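Here are a few quick notes from going through the model. Have the structure open while you read.

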Amino acid sequence: MARIIAERLVTSLFVIFGSTILVFTTLYVLPGDPVDSIIDPSVATPEMVENLRKELGIDQPYHVRLIHYFSDLFRGDFGQSLVNSTPVLPQIIEQFPKTLALTIVSSCISIIVGITLGVLSAVHRNKTIDVLARMIGLFGISMPTFWTGILLILIFSVALGWLPSLGSDGWQTLILPSFTLGIIGAGFIIRMVRNSMLEVISENFITTLRAKGLTERAIMYRHALKNALIPALTMMGMMIGDMLAGTVIIETVFSRQGIGRLIADAIMASDLPVVQGVIFFTAILYILINLIVDLSYSAIDPRVRRSILHD
Amino acid sequence: MKFVKSSAFHSCILALAIIISGCSSSSGSSASPDRTPTEEKAGDLTYALATNPSTLDPGRSGWAVESRVYNQIFEGLLTRLPDGSIAPQLATDWDISDDGKTYTFHLRDDVTFHDGTPFDAEAVQYSFDRILDPATQAGNALSALHPYESAEVIDAHTIKLHLATPSASFLTNLTQTQLSIVSPTAAEEHGSQFGQNPVGTGPFEFVSWQENSEIQLKRYDDYNWGSAQSENKGPAFLDTLTFKIITEEATRVGSLQSSQVLAAETIPPQNIEAFESDPSLKLLSQNTEGLPYTLFINSEHEPWGELEARQALQYGIDVQQIVDTLYFGTYDRAWSSITPGLLGYDESLEHSFEPDKEKAEQLLEDIGWKKGTDGIRERDGERLTLNYVDSTPNREKRNDIAVIVQQQLKEIGIDVIIELTKDISTTIHENGDYDLYGNSQVNGDPNALRQFYRTPDEGARKTLSRLNDPKLDELLEQGTIELDEEKRIAIYKEIQQYIHQQAIIIPIYVFPYTVGTQESVQGITFDYLGYPFFNDTYVR
């Protein structure tokens with residue numbers, strides 16, 4: 001196990017290094033001048049623009065800026081926002097817990113709703129509950145996040161007045177956004193669990209169990225479900241990454257704080273240090289999540305462990 | 001599909017119907033305006049902003065959203081009343097030297113900043129010199145302060161400001177929010193972070209700022225020097241004033257309808273009618289002043305240097321149709337290069353011309369652009385294309401304007417290519433890579449025209465129309481230095497007529513700043529430029 005972790009960590013370092021260079025280069029090449037978002041370009045004189053560029057250090061050539069960026073990173077310095085001159089790292093640290101809370105609650109909703117409905121729909125195939133579960137699944141997968149979000153706001157905040165539609169203080173503000181995000185994940189899990197359950201059910205060992213006289217309930221929940229959950233687990237690992245990405249939209253729609261909103265605003269303002277900082281941070285997070293998911297398979301399923309070792 | 005037969009489908013439809021009917025029946029009564037009115041005017045106001053401010057430092061601020069917030073914290077030497085006249089604020093009166101280059105201001109002696117620093121001549125000098133200092137990274141403030149050169153403190157409450165050249169707009173510029181007076185103590189202490197820790201002399205003091213979430217202000221209890229803007233000369237009525245940042249339109253409107261905020265800015269045109277018919281909500285609207293949203297034609301690009309080609313655009317673009325289609329009559333159509341509230345606005349331009357497709361086509365024919373097989377005009381084997389550049393987000397439906405213009409010009413044989421880019425510095429200002437580009441500006445003086453139409457000095461950046469027109473230059477120069485108001489008005493009328501006759505621009509709309517509030521919110525006022533003011537505001 002230690003070897004697996006060590007190998008994965010080394011690869012991860014390369015991935016982080018590579019993605020940082022990639023992001024830096026992409027942002028460098030893309031059009032968009034941070035100066036445009038700091039001062040109104042129609043008002044500023046070229047002299048003002050030039051001075052500001054110098055002040056911000058963005059008049060330097062690519063390689064100089066890249067070297068600076070990396071040497072700063074090694075010293076734990078993520079730089080300063082070009083727009084409001086505040087250091088990037090404290091901003092990320094301040095915003096991250098809000099995004100984390102949203103991601104965790106949404107994942108829980110996805111997993112609970114997804115597995116429950118997935119199993120029910122496979123067990124009660126072609127019954128009402130199956131149709132309903134499939135409809136919810138289809139809804140989750142096909143509706144754009146912002147649309148679902150606005151719909152939920154209209155129903156539960158505006159019309160019924162039950163839940164707040166904005167802000168990030170208190171558990172109540174978590175409900176609508178995490179449902180919006182959770183329902184998407186749930187949609188995928190429902191389909192995944194349903195399919196793998198149906199597949200498992202048709203396998204020979206189930207017939208054997210039936211022949212042995214086990215109750216249908218015991219067969220389904222004790223034997224079939226356990227086997228059906230392995231592919232769903234991979235899915236959930238990937239999903240947490242998607243959820244982090246989904247927060248960009250959710251945090252904007254529900255006016256929540258969080259790194260999704262931070263990066264969305266930073267992109268709009270071409271605030272390079274913030275964009276780079278958030279991406280660097282999320283890359284590390286993404287890699288960590290994947291590492292945990294991989295390791296947890298090998299813990300659950302010995303076949304996976306063996307295959308990683310013999311690669 | 002099989003499941004259609006299932007009873008589950010029918011129950012879903014039923015459930016959906018119940019939800020929808022629930023929505024519609026309760027939407028009208030969701031807010032409860034039946035709180036008992038009290039004698040005591042007070043309360044906490046939450047006000048939703050549509051964009052995220054990046055700084056509350058007036059010297060550094062570049063955008064209107066920021067002014068809306070820090071206008072409550074800071075004050076300037078002078079202020080501008082809704083009728084356009086200039087009134088004292090931190091200065092009580094002033095004299096202008098005969099050569100128009102020295103302004104002497106007498107200052108109030110009873111004012112203190114929120115941090116206890118006394119307001120005096122040195123604070124004024126500090127604030128203005130700070131804008132000149134490159135370390136401040138001042139942008140708009142720097143151009144508003146022009147042609148200020150230096151200040152001379154005469155005594156604690158008298159100051160002389162020296163200008164490089166006379167300026168007819170200097171007084172009005174001093175009323176602009178960017179030239180507010182900052183606390184020297186706080187500005188020194190916080191340096192580049194002053195924008196996160198603003199300290200001024202206004203009716204509200206800064207409490208906290210949660211990035212991307214809210215900015216909290218509270219009443220400054222010692223405030224008693226009033227403002228010509230408000231009836232209330234004492235401390236504000238509100239205990240706290242919280243600006244919530246809600247960028248998503250639907251959420252902003254929804255938050256107001258569900259009373260999660262008591263006021264929200266920039267109500268989208270499609271919601272305005274619903275607002276007006278809902279008794280629990282109110283809609284306030286004030287046109288912003290300055291340059292309306294205007295399409296500037298790049299006269300350096302072929303064939304737009306030719307008057308006939310520009311006129312063809314003027315006749316070919318049906319502005320009324322654009323404004324009616326996109327804003328449902330909630331935005332006023334612009335007719336001139338400046339907005340109706342500015343000094344010298346030429347009313348005679350209103351309804352003075354109509355779109356005329358045939359005339360537009362004739363004008364293009366006259367200068368040799370003949371229709372090709374695909375309906376697009378050609379001259380000497382060159383197709384008539386027009387590169388329409390817009391900056392990315394669909395602010396005020398500006399992207400949609402581009403699309404309608406594209407349709408309209410296609411009818412007269414012009415192929416419009418729409419390019420969305422955020423990199424205005426490079427595309428527009430450096431490379432001049434456009435034929436049409438739209439812009440607007442909030443400003444209180446017609447001198448704003450100078451920066452958009454006057455031939456720039458050697459080496460300076462070109463204007464949006466890339467003009468080089470000595471006649472216009474001369475008129476704009478006269479407008480800048482003419483101190484006699486009647487003469488100044490005549491000059492600006494001539495300028496507007498000339499810009500129209502030369503078809504230099506296509507004015508589109510005057511932007512109304514709209515604020516929706518709960519019925520319980522009273523006394524939000526607007527200053528001349530359309531910025532809100534909360535000194536008279538209270539919540540019933």
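The points below cover a serine, a sheet and a helix.

1. Ground rules. This is a predicted model, so to speak: local features need pLDDT of at least 70, side-chain atom pairs count only at pLDDT 80 or more, and totals for chains, interfaces and linings use all residues. Residues are numbered from 1 along each chain as its sequence is written, chains are lettered from A and ligands numbered from 1 in the order in which they are written, and side-chain values use heavy atoms, with hydrogens and water left out.

2. Ser336(B). Look in the loop between β14 (332-333) and α11 (357-366) of chain B; helices (H or I, at least four residues) and strands (E, at least two) are DSSP runs, numbered from the N terminus. Ser336(B) is buried, at 2% relative accessible area (buried is under 20%, with a 1.4 Å probe and protein chains only). Its side chain makes a polar contact with that of Gln496(B) at 2.7 Å (N or O atoms within 3.5 Å, one able to donate a hydrogen and the other to accept it; residues adjacent in sequence count only if both atoms are side-chain atoms).

3. The sheet. Six strands of chain B form an open, mixed sheet, ordered β14-β21-β13-β20-β18-β19. β14 and β19 (415-420) are at the edges with a single partner strand each, so one side of each has no neighbour in the sheet. Strands pair if DSSP finds at least two bridges between them; β13 (290-297) and β21 (505-510) run antiparallel, joined by four.

4. Helix α12(B). Its 14 residues (398-411) reach 21 Å from first C-alpha to last, close to the 20 Å expected at 1.5 Å a residue (1.5 Å times one less than the number of residues). Gly413(B) follows, with a positive phi near 90°.

Methods: Buried < 20%, exposed > 50% of the residue type's maximum accessible area, 1.4 Å probe, protein only.
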